[in-house]
Amino acid sequence: MRIYKVGGAVRDRLLGKPVTDIDWVVVGATTEEMLAKGFRPVGADFPVFLHPKSGEEYALARTERKSGRGYGGFTFHASPEVTLEEDLIRRDLTINAMAEDDQQNLTDPYHGQRDLEARLLRHVSPAFSEDPLRVLRVARFAARYAALGFTVAPETLELMRQLSDSGELEALTPERSWKEISRALMEDQPQVFVEVLRACGALKVLMPEVDALFGVPQPPAHHPEIDTGAHTLSVLQQAATHKQPLTVRWACLLHDLGKGLTPEEEWPRHIAHEFKGLKLIKAVNERFKVPRDCQELALLVGEYHTHGHRALELKPSTLLELLQSFDIYRRPQRFEEFIAACEMDARGREGLEERSYPQADYLRGAATAARSVAVQPLLEKGFKGPELGEAIKRERLKALKAYKETAST
Ligand code: CTP
């Protein structure tokens, strides 16, 4: 049996990037031999094993053939006769289809190294189209390596377009799609992920609500970039520049969906887009079974981002409603994330990337003022039940009025 390092580990070593997990391929072995060596099988019908000590994945060299729609629709053929080259040809990109033995001798039948140098994300063979998830994977790699100058090869983009048009993307499970989307959003240039999906027509299929923002104008006074899609990409880019967590990046991507619903005759104004967008945000959240914290923040940012921008002008009662909506008393972190998303939204505008955002500290101060109201004295005065709730609210409102006065002097 011969064992090779494959995929991302080889690619990233050649790129001089840190290698986190290593995938191995085993040529010339049977399942029985692997089990006899103490490897643990990963799935019942999948020739992949975990190393007894390192826990790394070892896969028997295999060929694959598509036999139906979606991820389940594959037949595998793993046997000691399958060669390394046969295993590599079923892989997605040439830069992911290189193997290395323990002496770092490279097997590179599909010219991955050449494409690494040319900074090209290029499919290995027509078998690329057998897994529609690869459309998202390529867009994710484009986002990750954009800073190094990588682009998608035109012929690969064409295959991605065909896959997107074919209806195959609809067969992806929400879990697999979300895994790619969430990883892509955490890359340094997440906006490139969205751009590549858009360029191949996949955005229209996966998130038509985001796709619809391109070509929708906004008032130039607030949005020198004008186009809502361009603005959304800039906001996402700002979120990455400022190392925001996934929750904030997801909220940034979806914050303006309502603008895609504005009738053309109302352009470039978008009255009540915050509220109108909520049903779209909900639909996208549900489509990908997005984790609860991301869902919640996206909805709250969608509804309240304009409040964030207008924080300094808000009446104390409106400010209190905002703070209550965020449940800042039990969820302080979520309010911080809201503030961050608003700031990214304000900076994600052409020429305004470095602007200051005094609203952030103002909102933090308001939250501190509202939180400073002590409940104990109200209990001592005999307030109970709903009356206690009302009394707390009154005190918080007083605190916010005082805060607003001091802040404006
Ligand atoms: N692979 C593929 N098609 C997929 C998934 C994986 O061809 N849909 C192949 C690629 O050769 C890839 C390898 O399996 O390099 C390992 O996949 P994975 O661990 O998901 O990705 P990596 O390339 O290691 O990338 P990352 O750094 O993002 O983990």
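How many nonpolar, polar and charged residues does the shell around the ligand have?

1. By class, the shell has one nonpolar, three polar and ten charged residues, where Asp, Glu, Lys and Arg count as charged, Ala, Val, Leu, Ile, Met, Phe, Trp, Tyr, Cys and Pro as nonpolar, and the others, Gly among them, as polar. This is a predicted model, in which local features need pLDDT of at least 70 and side-chain atom pairs count only at pLDDT 80 or more, while totals for chains, interfaces and linings use all residues. Residues are numbered from 1 along each chain as its sequence is written, and side-chain values use heavy atoms, with hydrogens and water left out.

2. There are 14 residues around the ligand, and of these D92, D131, R140, R144 and R183 come nearest; a residue is near a molecule if one of its heavy atoms lies within 4 Å of it. The elements that give two or more residues to this shell are α1 (8-14) and α5 (133-145), and α5 gives the most, with five residues. Helices (H or I, at least four residues) and strands (E, at least two) are DSSP runs, numbered from the N terminus.

3. An N or O atom in the side chain of R140 is 2.8 Å from a ligand oxygen, and for the side chain of R144 the distance from a ligand oxygen is 2.8 Å, whereas at N96 a polar backbone atom is 2.9 Å from an oxygen of the ligand. On its own the ligand has 570 Å² of accessible area, of which the protein covers 79%, with areas from the Shrake-Rupley method and a 1.4 Å probe.

4. The ligand sits in the largest pocket, in the sense that more than half of its atoms lie within 2 Å of the grid points. A pocket is an open set of points on a 1 Å grid over the protein atoms alone, where a 1.4 Å probe fits, with protein on both sides within 12 Å along at least five of seven lines, and its lining residues have an atom within 4 Å of a point. About 1,500 Å³ of space lies in this largest pocket.

5. The lining of the largest pocket comprises 43 residues, and D23, E57, R91, R137 and R183 lie nearest the centre. These lining residues divide into 17 nonpolar, five polar and 21 charged, and the largest share, seven residues, comes from α5.

6. The second largest pocket has a volume of about 570 Å³ and is lined by 26 residues, of which H222, H223, T306, H309 and R349 lie nearest its centre. Its lining has six nonpolar, twelve polar and eight charged residues, and α15 supplies the largest share, three residues.

7. Two places in the backbone deserve a look. Most residues other than glycine have a negative phi, and most peptide bonds are trans. The peptide bond from W267 to P268 is cis, with omega near 0 degrees, and P268 is in the loop between α12 (246-254) and α13. H111, although not a glycine, has a positive phi of about 65 degrees and is in the loop between β9 (106-107) and α4 (112-118).

Notes: Polar contact = N/O pair within 3.5 Å; in protein donor to acceptor, adjacent residues only side chain to side chain. Points joined across faces, edges and corners; volume = space filled by probe spheres on them.
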